[in-house]
Amino acid sequence: MKGLAPILAAIVVLAAVPLVVESNTTLNFLVTTLLIALAGQGWNILGGYGGQYSFGHAAFFGTGAYVTAILQVRFGVNAWPAFAAGIAAGAFVGAVIGALTFRAGLRGSYFALVTLAFAEVLRILASVAPITGAGVGTLIKLDLHVSALQFQSRAVFYWVILALVAVSLLIAHALERTRFGAWLIAVRENEDAAKALGVDAFKVKLGAMVISAAITAAAGCFYAQYFLFVDSGIAYGTRMSIEALLTPIIGGAGTVFGPLVGALLVKALGEGATWIAGDAPGLNLIVYGCVLVLVIGFAPRGVIGIFRGLYRGLLAGKREAAHG
Amino acid sequence: MVERLLAVEGVSRRFGGLLAVDTVSLAAPAGRITGLIGPNGAGKTTLFALISGFLAPNAGAIRYDGETITALPPHQRARRGIARTFQVVQPFAGLSVRENITVGAHLRHRGRAEALAAADLVGREVGLGGLLDRPADTLTVAGRKRLELARALATEPKLLLLDEVLAGLNPTEIREIVPVIRRLCDRGITIMMIEHVMQAVMSLSEHVFVLAEGRIIAEGTPAEVAADRAVIEAYLGHGAAKKLGGGA
Amino acid sequence: MFSPVILIPAILNGLMTGAVYALVALGLTLIYGVLHIINFAHGALLSAAMFAAFFAFSLLGLDPYVAALLIAPLFFAIGYCLQRFVIGPASHGDDRNMLLVTLGVAIVVENALLYAFRADTRTIDLPYAFETINIGFTFLAIPRVIGFVAVFAVALVLWTIMNLTDAGKAIRAVAKEKLGAELAGIDVAHVYAMTFGLGTACVAIAACLLMPTFYVNPTAGNAFVLVAFTIVVLGGMGSVPGALIGGLVVGVVESLSGLFLGESLGQIGIFLIFIAVLLVRPTGLFGAKA
């Protein structure tokens, strides 16, 4: 897709939604959808474009959420700088984990395992450390003012997360058009061949990890402001790691809109399952797991991949018809 | 310009109990084509891996363009102008032919438009002009070999290491690609090529090194090497030189 | 704290716990050694087997050690079918895809257990669970002794299968050289499925050995599997002796550090060792190249 037009169009359409939708339930649904779309776009940068599959992206989500919350609650920092600090902290954690794992040359399953382990270590630490409130968690005080990054109206929250998603779309778009992006994709396709062409694979992967972590951390910061409560399970639990990878894989890994499309589908499937079989624990995730296996089995390039395939097929057909 | 662009000095590489490369010394004179031949398993590709930085030698040094590069990682050698093709071709499968070449071009061109344009030129030079928009994984073997070449060329190398770039090509395809290689040399690129297609290597190279069981067993002009007794024995077995009535 | 009266039982207990860890690790390393994939579904399958043992006892009145004779073949079949009909086909042979597919299976199994049985923790009350053997200077819990012996019995059976049966030879052939094995007429998909089945059966037996002294809930398996991952990485991916020795070592280390450091830090300790090994020496102490 060339140019910024599709992104602008999507953002405009999405921004108009709260003007027609009034129901808080629907708005809440959309906010949480955009939340996992944002977290997923973070994963997409490292996993979709970079081919490094992280199973522990909650490490960044949770760091963003906790730093944002703790700075406000324990150090009296204003919500806006706390938000920014949360993103920076997430990026920093990404840099550390990336430096360690990529320096050690870990790829594939080993990389997935190690990222899983890091997320679990953080979860355990957060569940016992006094600064996070340990098992009880951290509660942000309700303060419905712009200065506290809290809003009476759901719609405003919606526009905030939409703005963040828009930025993440632009980042992915830029990635596809820069040298860094070309190098990242090359490393994904074949790291050795890329190195032979002068690509510093370590730096490129590390850079992708930092960007990826920052974006997913932003989702965590938003979570803290929206729900006003963070604990170790929410922050660093496997659920967020799974949702972060699920949305781009289903929507289309390595594409700009993949995570957004995937988030809509995942949430819709979740709601559908609840509607059919009731609100039972674990049901959503059963559906997600099945969908993951089915998508990998039948449509590894995700929904967008299916459409691209059809489009290419159509083009090829037209070309043949024209020359035939 | 340094007379010997590349100098490999006493380089050895061991894998467990196997000494794959045994105290090899050779040189590639600037602006010339140097051949590297030898029976299968002789260690030629290992040597290329050592020169391009994918393996570290257990002993010895590698000098390039006046600098000792033995400790440099592959991407930095590429930046200094050493490019290689892989014996088992490795296209970036999900990308188009042009995008593949662009990755190489990006080494010298930061902007995407410039890199794409440069990739276009290189692609045409190598004979892939009509296929630039195709996905790389739809190319034939010959096409993939050209793509390997194009990608390496896009990095604007001074030294080009070709690892069996003719393998798997039929005689027509070979006849088409040999002039391309010769033109590269005319442009000033130093080439070292591993080949089994004797005719091509002997007609392209000005100097040939013969590697067998990790050691250099002969070197010289193609004619000298072809008549060398040790070389004949390495390929045809012990006593073959005598039987053939030849040998230096 | 260093008195032998406290240390020796701690070490012995560690060995017995370690033996069960080793069994779980054995299943994992077997699967990795042949299929070259890290089975992310291992933990969920362990939890499922533990539930099976639980229900065998509470519904059928079967002693877990007896139930193992039924549950092991059952889970062999489950593992076989999973690899043959789900994981193999869905992955199309791509490593990255296999990663995601086993993760998907793990998610489905764990949450299916959650959906069916809720999150409550359950235990079984075996009449002789608390009886002990007096070996002179200390007492050893009977179920744990049985577990220890059973693990070595299983290892012996596995060794026999691998070295003395045709199926075992086929498995070893595929592990060493897949293409060659294929060309020799071996049905690789079948071998992969058998290996996965064997690995899952190991886990099922481990589950039966654990139930008398442990508890079950949908996520119980994960804790063990994490330790198993650590062992496999420490002992070397694909190395059977590595898994056994590594299991015993980790069991003892865990027991001793529990003695000196306390519970929750122990968990982190295992993760940190895990990360450290992966970063420093991913091939482990005995393993082949990663």
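The cut-offs use C-beta atoms placed from the backbone: a residue is buried with 20 or more others within 10 Å of its own, exposed with 12 or fewer, and partly exposed in between. B:Arg175 sits in helix H6 of chain B, residues 171–186. Helices (H or I, at least four residues) and strands (E, at least two) are DSSP runs, numbered from the N terminus. B:Lys145 is 30 residues away from B:Arg175 along the chain. The C-alpha atoms of the two are separated by 14 Å.

The model is predicted; local features need pLDDT of at least 70, side-chain atom pairs count only at pLDDT 80 or more, and totals for chains, interfaces and linings use all residues. Residues are numbered from 1 along each chain as its sequence is written, while chains are lettered from A and ligands numbered from 1 in the order in which they are written.

Chain A holds 14 helices and two strands. Its radius of gyration is 20 Å, close to the 20 Å that the globule rule gives for 324 residues, so chain A is as compact as a globular protein of that length. The radius is taken over C-alpha atoms, and the rule is 2.2 Å times the number of residues to the power 0.38. The C-alpha trace of chain A spans about 70 × 50 × 35 Å along its principal axes. Of its 324 residues, 54% count as buried. Contacts join residues whose C-beta atoms, placed from the backbone, lie within 7 Å. Among contacts in chain A between residues at least 6 apart in sequence, 77% link residues at least 24 apart.

Chain A also touches chain C. The contact draws 33 residues from chain C and 34 residues from chain A. On the chain C side, helices H3 (64–91), H4 (95–117) and H11 (263–280) each supply at least two residues. H4(C) gives the largest share, 15 residues. By class, this side of chain C has 26 nonpolar, five polar and two charged residues. Ala, Val, Leu, Ile, Met, Phe, Trp, Tyr, Cys and Pro count as nonpolar, Asp, Glu, Lys and Arg as charged, and the others, Gly among them, as polar.

Chain B meets chain A through 22 residues, in contact with 19 residues of chain A. Helices H2 (74–79) and H3 (97–105) of chain B each supply at least two residues of the chain B side. The largest share, four residues, comes from H2(B). This side of chain B has nine nonpolar, eight polar and five charged residues.

Methods. Two residues are in contact if their C-beta atoms, placed from the backbone, lie within 7 Å.
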